[in-house]
Amino acid sequence: MSGTAEPISAFAAYNSGKQSKRFQKLAKKGNSLNKTIGGKIKKKTVGRAPIPVYSQKKNEASDRKQKAKGVKAKPLKKNNKTNKRVNLKPHIEEYKEGSSMSTGSRLNKLKQKKKLKSFLKQFEQEEKDDLEEGYNEEYTWVQNVSLSKDEQEITVLLPGDNLTGKQIATSVSKVALTNGATKDKSLKSKEVSKSAVRKSPASAKSKKKTVSNVSDAIPTITKTTNVKFEPLSSKTNVIRMNSITEGKRTFEWLLNPVKVEDFFAKYWESKSCFIKRRQSNYFSHLISFEAIDQMLLQNHLEFTKNVDVTSYKNGERETLNPEGRALPPTIWEHYDQGCSIRLLNPQAFLPNLYTLNSTLQEYFHCLVGANAYLTPPNSQGFAPHYDDIEAFVLQIEGRKRWKLYKPRQPEEILPRFSSRNFSQEEIGKPLFEEVLQPGDILYFPRGIIHQAKTEPGYHSLHLTLSVYQKQSYADLLEKMVPLMLEKAINDNLDLRRGLPLQCWHLAGIAHSSHGSKERTSLEKKIKQLLNKCMNSVDLTDVMDSAFDQLAKKYHREALPPEILETEKLRTVYGSRSRTNEHGECLCDYEIEERTNVRLLRANILRLVEEEGKMRIYYYADNSKLFCEYEPTFIEIKDTQAASVEVLIKSYPEYVSVSQLPMKQTEEKIDLTQALWERGLLMFEKPFN
C-alpha cells in the first residue's frame with residue numbers, strides 16, 4: 001500500500017496492490033466508498049449531486065412531458081448498468097438560463113429554484129437505487145431434499161450477470177446431481193418439495209421457463225437472497241477498529257454469500273459446505289503459479305522444512321524430497337514428472353496470504369495455518385486420509401475433483417489426531433464428489449476422509465486453510481485435570497496416604513480377572529478419592545488457570561501482527577531515535593500521565609499466573625515460520641496485574657495512563673512504557 005495513503009483496514013489489505021491507487025484517486029476527487037464485495041470496489045459515488053442514468057422508458061416519458069409543454073427536451077443517456085457518469089453542469093446551466101429544460105419566461109425564479117431542487121433530488125435517489133442494486137449480488141441455495149436432515153450438504157451458486165432461466169436451471173441440476181440427489185433428470189414436479197423459484201430482475205423475462213426447468217430436472221429447494229456488506233473502516237476509524245470484528249468480516253468475505261451465523265449453526269464441525277462461485281479471480285491475489293516461482297527464487301526454502309514433493313500412484317503414497325534448498329528447476333522437474341508440490345506455511349513468504357491468516361487468527365483465537373498444493377494434470381499427490389483440523393479449501397487455479405467420505409467409526413468423528421493413509425477399499429463410496437474451479441471454496445470438518453485428483457487437461461493450485469487444531473473440550477480438560485488433582489492433593493490428607501501392601505497382587509493386567517472382596521474394596525476406595533478430588537476443588541479457579549495454559553499455545557503458534565501504516569505512527573514500530581551533539585540518544589516519543597493507550601490487538605497478550613509469578617505472554621515477537629522461536633513473556637509485579645487487566649477489558653477503547661489502578665504515577669508510566677516498547681500497546685494520537 002502506498003506510503004502516502006493510510007490503509008483503510010486489515011480487511012482491505014487483501015487487494016492493497018490492486019486497489020490502493022484507486023482509493024487514493026477516489027479520495028482526491030472527493031468520492032466515498034459506501035459498500036464493497038470481497039474487498040473490491042463495485043461502484044463509486046460522487047460527492048456532489050449525481051445525475052441519474054435513466055432507462056429508455058423513463059426517457060420517452062420525459063420527452064412526452066416536455067413536448068406537451070412545447071419544449072424540446074434534451075435526451076439523457078441510456079442505462080446500460082455501466083459505471084459511466086453524465087455531466088450535470090449543462091443541465092444546471094440550462095435551469096439558470098431558463099432554456100430548454102425549463103419553461104422559459106413562464107416560470108419565475110422561485111419556481112425554477114424549486115424545480116431544480118426537485119430535479120436534483122430525484123436524480124440523486126435514482127443513482128442511489130442504481131448503486132444499491134449493484135452492491136446486492138444474488139446467490140442460489142440448493143439443498144438436496146432426498147437426503148436425511150443429517151446427511152444434507154449445501155452448494156451455493158453465484159450466477160453471473162443476467163443469467164437466463166435455462167442457465168440457472170442447468171447449474172442447479174449439475175450441483176444437485178453431484179451431491180448425490182439423482183441421475184434421473186425427468187422427475188415430475190409433484191416430487192419437488194417446493195417448486196416455486198423467485199427470479200431476480202435480471203432474468204424476470206424467463207420466469208415461467210425457469211420454474212418449469214428446475215422443477216422437471218431434480219427435487220430441489222431453490223431460493224434467492226441479497227448479499228450486503230458493511231462499509232470498510234474509514235481512515236479515522238483504523239485506530240479504533242476491533243481486531244476480532246475485522247477477523248469476522250474477513251471470514252464473511254471468505255464465505256460470501258453464506259452468513260457466518262448460518263455457517264456455524266448448520267455446518268461447523270458437522271457437515272461439509274461447498275460454495276461455488278463464477279468469479280475466477282476471487283482468491284487470485286493470494287497465490288499463483290508465477291508467485292510460487294518468484295517465492296522459490298527470492299527466499300531460501302528447503303525440502304521437507306518448507307516444500308514436499310509427493311506422488312500417489314497405484315495405491316501407494318510416496319514422498320520424494322531431495323536434500324537442500326528447493327530451487328525452481330528441481331521443483332518443476334518433479335512437477336513435469338507428475339508429482340504434486342506442497343508448500344508448508346507459504347504465508348511466511350506471501351504478503352496477501354499473511355494478511356488473510358493474521359486477520360482471521362484474531363477471530364478464531366488460534367493459529368490459522370495454510371498449505372498450498374500444486375498438482376499437474378490428471379494426477380493425485382496424497383492417499384485418502386482425514387485430518388485433525390477444520391479445513392477450508394480455496395481453489396486458485398485449474399480444476400480438481402474432490403471426494404469426501406464419512407468417518408468409518410464413531411471414534412473417528414472429530415478426531416484429535418490425523419489418520420494414516422487409507423486404501424480405496426477401506427473408505428467405501430463418497431458422500432460428496434465435485435470439481436472445484438477457481439473461486440470455489442469447500443469446507444469439511446476434521447475426521448472427514450478426503451482425496452482429490454486433477455481433471456485431465458487441467459493443473460490445480462489450491463490453498464487449504466486450517467483452524468481449530470487441539471481446541472476441544474478434551475484439550476481443555478487435559479490442562480484442567482492435573483490442576484484439579486494438584487489442588488486436591490494439597491487439601492486432602494487421604495490422597496497422600498500410602499497404598500495398601502497387598503494391592504500389587506490385586507490390580508494389574510495379570511490380576512484383572514481377580515474377583516476377590518479385597519479387589520472390590522480397592523476399587524470402591526479409589527472411586528471415593530476421585531469424588532473427593534471433584535468436590536473439594538473450586539472449579540472456577542481451576543478452569544481459569546486451564547484456559548490460560550491453553551491460551552499459551554496460541555501465543556506460541558500465532559503469526560505476528562501486521563502493522564498498518566496508521567498504526568506505525570502510534571506504536572514502537574514507527575519510532576525513530578537520534579543522537580544530539582553530545583552523542584546522547586533521543587527518542588521521538590514521550591509517555592505522560594495524560595497519554596491514552598490501548599492494546600494493539602484484542603488477543604495480543606495473555607495474563608497468566610504460574611509458578612507463583614504473574615507473567616504476560618505475547619506473540620508480537622513471533623516469527624512468520626511456525627514455532628521458530630520459544631514462547632516470549634515478561635514478568636510483572638502482583639500490584640501491576642490489575643492495570644494489565646484494565647487494558648485487556650477496556651479494548652478496543654483507549655485508557656489514560658492516569659486511570660491505571662496503581663498508586664504512584666511513576667509506576668503507571670513505567671508499566672505503560674514497558675508494554676509499549678514491546679509492541680503491545682498503541683497511542684491514540686501519533687507520537688511524532
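**Salt bridges in the model**

Author: Arginine 408 and glutamate 412 form a salt bridge, in which the closest N and O atoms are 2.6 Å apart. The term salt bridge stands for a side-chain nitrogen of Lys or Arg within 4 Å of a carboxyl oxygen of Asp or Glu. Side chains of opposite charge can pair when their charged atoms come close. Of these two partners, arginine 408 is partly exposed at 34% relative accessibility, whereas glutamate 412 is buried at 6%; here buried means under 20% relative accessible area, exposed means over 50%, and partly exposed lies in between, with a 1.4 Å probe and protein chains only.

Before going further, please keep in mind that this is a predicted model, in which local features need pLDDT of at least 70 and side-chain atom pairs count only at pLDDT 80 or more, while totals for chains, interfaces and linings use all residues. Residues are numbered from 1 along each chain as its sequence is written, and side-chain values use heavy atoms, with hydrogens and water left out. The pLDDT, which is the predictor's confidence in each residue on a scale from 0 to 100, averages 76 for the protein, and 66% of the residues score at least 70.

The structure holds 29 salt bridges. One of them joins arginine 401 to glutamate 433, with 3.2 Å between the closest N and O atoms. Because arginine 401 lies in strand β12 (residues 400–405) and glutamate 433 in strand β13 (residues 432–436), this pair ties together parts that are 32 residues apart in sequence. Strands (E, at least two residues) and helices (H or I, at least four) are DSSP runs, numbered from the N terminus. Arginine 401 is partly exposed, with a relative accessible area of 28%, and glutamate 433 is likewise partly exposed, at 26%.

Another salt bridge is formed by lysine 532 and aspartate 494, whose closest N and O atoms are 2.6 Å apart. This pair links distant parts of the chain, since lysine 532 belongs to helix α14 (residues 517–535) and aspartate 494 to the loop between α13 (473–491) and α14, 38 residues apart. Lysine 532 counts as partly exposed at 34% relative accessibility, and aspartate 494 is partly exposed as well, with a relative accessible area of 26%. Elsewhere, salt bridges that share partners join Lys552, Glu610, Glu611, Lys613, Arg615 and Glu635 into one network.
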